[in-house]
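Subject: The structure, and what turned up in it

Hello,

Here is the structure I promised to send over. Please have a look at it first, and then read on for what was found.

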Amino acid sequence: MTPYLSLSRMAWSTVLVYRTEFLLQLVGSVVQAVALFAVWRALFAGDADGSLAGLSWEQMKGYLFVSFLTGTILSSFTDGQLALRVLDGSVALDLVRPIDYQLARFAEAVGYLLGELMVVAAMGTVLLLVFGGTPLPDASQAALFLVSLAAVVPLKFALVYAVGLACFWTGNFHGLSMSRVAVTSILSGALVPIALYPQWLQTICALSPFPGIVSTPALIFLGEARGSAALSLVGVQLLWTVLLWLAARLVWRAAVRRLVVHGG
């Protein structure tokens with residue numbers, strides 16, 4: 001366990017050293033959050049007491065805050081660092097180290113996560129001050145929300161990690177990253193609650209791991225999923241996490257066979 005803790009500390013040190021680059025790569029999430037708050041406020045402006053997807057404006061602010069939170073953790077900075085190891089050949093050195101490659105990258109992602117949570121705390125406070133507060137869950141619901149939010153980290157990491165490994169085949173990262181972000185934003189409900197989608201798209205979302213990144217923690221935070229329903233959603237999150245971690249290991253094995261190291 002000590003090597004992985006050391007990697008987390010080194011990742012946190014990287015955030016401090018490259019803090020300007022780190023913050024700039026989070027600008028996109030902040031701009032998107034501000035735009036979404038403004039757009040949804042305009043949609044509710046005509047009927048402040050109305051609801052969309054069963055949510056009032058006060059609840060929608062909570063939904064958007066959770067979307068901002070889950071969108072910021074394991075951000076494009078983490079995405080880029082994972083892919084860079086493949087593109088610059090650092091992965092060759094990792095192969096000779098007596099540690100698990102996937103767990104090592106996860107440990108680094110946890111180190112980056114500390115900086116991302118600080119940004120969320122600062123910008124989230126500003127957003128809620130500007131657009132107004134949102135109802136908070138009760139103690140039991142808050143505990144379920146924190147469990148669901150914790151499950152987002154390994155779930156989202158598995159997706160980001162697998163996309164980073166795809167660089168073994170493409171030799172390029174930016175297109176892969178933009179595609180992942182686009183698909184995740186739509187199928188997770190990050191931009192629009194899944195309940196507003198047509199039925200066929202809701203079905204696709206339900207059969208994918210993406211709702212576990214935004215929709216599940218948001219619905220639990222708002223109290224739209226309680227008790228056994230909330231536990232069932234968390235169980236689906238954990239199931240997808242296990243499946244994606246196992247799938248990522250298979251991708252890693254296939255990727256290593258493609259590795260070519262020059263000069264030795």
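Before the pocket itself, one definition: a residue counts as lining a pocket if it has an atom within 4 Å of a grid point of that pocket, and helices are DSSP runs of at least four residues, numbered from the N terminus. Please also keep in mind that this is a predicted model.

With that in hand, let's start with the largest pocket. Which helix gives the largest share of its lining? That is α2, with 8 residues. Helix α2 spans residues 19-45, and α3 (57-72) and α9 (174-187) join it in supplying at least two lining residues each.

The volume of the largest pocket comes to about 470 Å³. Its lining has 25 residues, and S29, Q32, G71, V181 and S185 are the closest to the centre. By class, the lining of this pocket is made up of 11 nonpolar, 12 polar and 2 charged residues.

Now to the way some of the helices pack.

On the α3 side the contact involves K61, F65, F68, L69 and T72, and on the α6 side E116, L117, V120, M123, G124, L127, L128 and F131. In this contact, 9 residues are nonpolar, 2 are polar and 2 are charged.

Helix α6 also packs against α12 (residues 227-256), with an angle of about 120 degrees and 10 Å between the axes. How do these two helices lie to each other? With that angle, α6 and α12 are therefore oblique. Here α6 contributes Y101, Q102, L103 and F106, while α12 brings W245, A248, R249 and W252. The classes in the contact of α6 with α12 are 6 nonpolar, 1 polar and 1 charged.

The last pair is α7 (residues 139-165) and α11 (residues 215-222), whose axes come within 8 Å and cross at roughly 170 degrees. That crossing makes α7 roughly antiparallel to α11. Q141, L144, F145, S148 and V152 of α7 touch T216, P217, I220 and F221 of α11. This contact has 6 nonpolar residues, 3 polar ones and no charged ones.

Happy browsing, and do write back with any questions.

Best wishes

Conventions: Residues are numbered from 1 along each chain as its sequence is written. This is a predicted model: local features need pLDDT of at least 70, side-chain atom pairs count only at pLDDT 80 or more; totals for chains, interfaces and linings use all residues. Side-chain values use heavy atoms; hydrogens and water are left out. On a 1 Å grid over the protein atoms alone, a cavity is a set of points where a 1.4 Å probe fits but cannot get out, and a pocket is an open set with protein on both sides within 12 Å along at least five of seven lines; lining residues have an atom within 4 Å of a point. Grid points are joined across faces, edges and corners, and a volume is the space filled by probe spheres set on the points. Ala, Val, Leu, Ile, Met, Phe, Trp, Tyr, Cys and Pro count as nonpolar, Asp, Glu, Lys and Arg as charged, and the others, Gly among them, as polar. Contact means heavy atoms within 4.5 Å. Axes are lines fitted to C-alpha atoms, for helices over the stretch in contact, and angles run from 0 to 180 degrees between N-to-C directions. Angles under 35 degrees count as roughly parallel, over 145 as roughly antiparallel, 65 to 115 as roughly perpendicular and the rest as oblique.
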